[in-house]
Amino acid sequence: MSRNRILVFLIPPLVWLAWYCLPDTPPWWALREHWRITLTMALGSFIGGATSEAGGAVAFPVFTKVLAIPPAHAKLFSLATQSIGMGSGFLTILLLRIRVEWRAVAWVVLGSVPMLAVGLSLSNLLPSSAVRILFTVVQCSFALALLWHNLDTARDRHLHLPRFGALEKGILLAFGMLGGLVSGLLGSGLEIIVFSVLVLLFRLCEKAATPTVIVMMVLTSWSGFAMIAAAGQFVPPVSEYWLAAVPIVVVGAPLGVYVCSRMSRLLVVGTLIVLILAELVSSLILIPLSREIAAGSAALFLLFSCLYYLMYRSHRYR
């Protein structure tokens with residue numbers, strides 16, 4: 001076994017040691033009191049490492065629909081926990097030398113971090129049901145994009161960005177800003193918006209795009225975690241949920257990265273679409289919507305879908 005693979009296995013024990021030693025008392029109580037959080041994040045962290053969706057993509061709907069946790073807390077938890085879980089996945093990507101399109105990372109993160117702060121500020125002004133259905137809208141339009149992309153088996157799929165001039169930098173910066181705004185509202189979202197741009201417009205292979213968006217999301221989550229802490233928002237119950245999740249996400253995310261690197265492309269896509277269908281059905285059943293929010297959600301879904309379809313039809317990067 002290579003030295004780097006051995007170092008990957010050392011990541012969880014080091015995080016567990018810090019989790020045990022740094023608080024005033026060992027936080028076993030957090031696992032007992034919030035075991036449902038731990039259980040949720042066992043799946044969420046694995047999905048966050050194995051697919052282009054962050055762990056918050058599982059945490060947010062389960063927290064808000066099943067555990068009745070306010071969306072504001074779910075959003076803060078998602079950003080804080082992704083800092084650890086996807087951070088471990090990030091180290092795994094570096095140590096295993098998994099391919100990352102670093103030029104895209106730089107321009108997306110340049111746009112996402114400032115707009116993340118804007119999204120965090122705006123989220124408190126929106127009704128809870130609007131925030132929850134916004135998450136579903138973003139997810140469903142992404143599923144549609146994936147479906148279009150994979151129905152075309154003869155479509156070109158590049159291992160690197162085919163061009164990288166001023167136009168491409170501007171596109172990545174703009175969608176990084178949009179993704180940062182959505183992540184500030186929901187705790188995640190940057191990863192699937194940018195993933196859609198990479199695979200639909202730039203025709204990047206999913207197995208190259210997935211680790212790339214994981215790196216983007218972890219850098220954005222670290223920034224978000226710092227903003228939350230600086231604003232004094234990392235307090236109970238969010239900090240207690242975080243303590244309950246840390247021991248499991250530090251294992252789940254790297255395991256997901258490792259499994260993804262050995263999964264077929266179609267299996268990665270199929271996993272994502274099944275998860276999003278479950279999200280759509282649960283939203284339609286559980287979220288009460290006013291006429292205005294329903295109409296706004298439909299309009300936003302059409303907007304995202306049209307945008308993704310235009311990317312899909314573009315031949316600029318064949």
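This dialogue goes through a few features of a predicted model.

Q: Which residues have the most contacts inside the largest nonpolar core?
A: In soluble globular proteins, nonpolar side chains tend to be buried together. Here the largest nonpolar core has 80 residues. Ile37, Phe63, Phe77, Leu186, Leu198, Phe202 and Met216 have the most contacts inside it.

Q: What is Leu198 in contact with, leaving aside its neighbours within four places in sequence?
A: Its partners include Ala104, Leu161, Leu172, Val213 and Met216. Arg203 is also one of them.

Q: Where is phi positive in a residue other than glycine?
A: Most residues other than glycine have a negative phi. Ala68 has a phi near 55°, and Arg203 has one near 60°. Ala68 sits in the loop between α4 and α5, while Arg203 sits in the loop between α9 and α10.

Q: Is Arg203 buried or exposed?
A: Arg203 counts as buried because its relative accessibility is 4%, and the cut-off for buried is under 20%. Ala68 is exposed, because its relative accessible area is 65% and exposed means over 50%.

Q: Which residues does a cis peptide bond join?
A: Most peptide bonds are trans. In this model a cis bond joins Pro236 and Pro237, with omega about 5°. Pro237 belongs to the loop between α10 and α11.

Q: Which residues lie nearest the centre of the largest pocket?
A: They are Thr136, Val137, Cys140, Leu280 and Phe301, out of 18 lining residues. The pocket holds about 310 Å³ of space. α7 gives the largest share of the lining, 7 residues. By type, the lining has 15 nonpolar residues, 3 polar and no charged.

Definitions and conventions
Residues are numbered from 1 along each chain as its sequence is written. This is a predicted model: local features need pLDDT of at least 70, side-chain atom pairs count only at pLDDT 80 or more; totals for chains, interfaces and linings use all residues. Side-chain values use heavy atoms; hydrogens and water are left out. A nonpolar core is a set of buried Ala, Val, Leu, Ile, Met, Phe, Trp, Tyr and Cys residues joined through side-chain atoms within 4.5 Å. Buried means under 20% relative accessible area, exposed over 50%, partly exposed in between (1.4 Å probe, protein chains only). Contact means heavy atoms within 4.5 Å. On a 1 Å grid over the protein atoms alone, a cavity is a set of points where a 1.4 Å probe fits but cannot get out, and a pocket is an open set with protein on both sides within 12 Å along at least five of seven lines; lining residues have an atom within 4 Å of a point. Grid points are joined across faces, edges and corners, and a volume is the space filled by probe spheres set on the points. Helices (H or I, at least four residues) and strands (E, at least two) are DSSP runs, numbered from the N terminus. Ala, Val, Leu, Ile, Met, Phe, Trp, Tyr, Cys and Pro count as nonpolar, Asp, Glu, Lys and Arg as charged, and the others, Gly among them, as polar.
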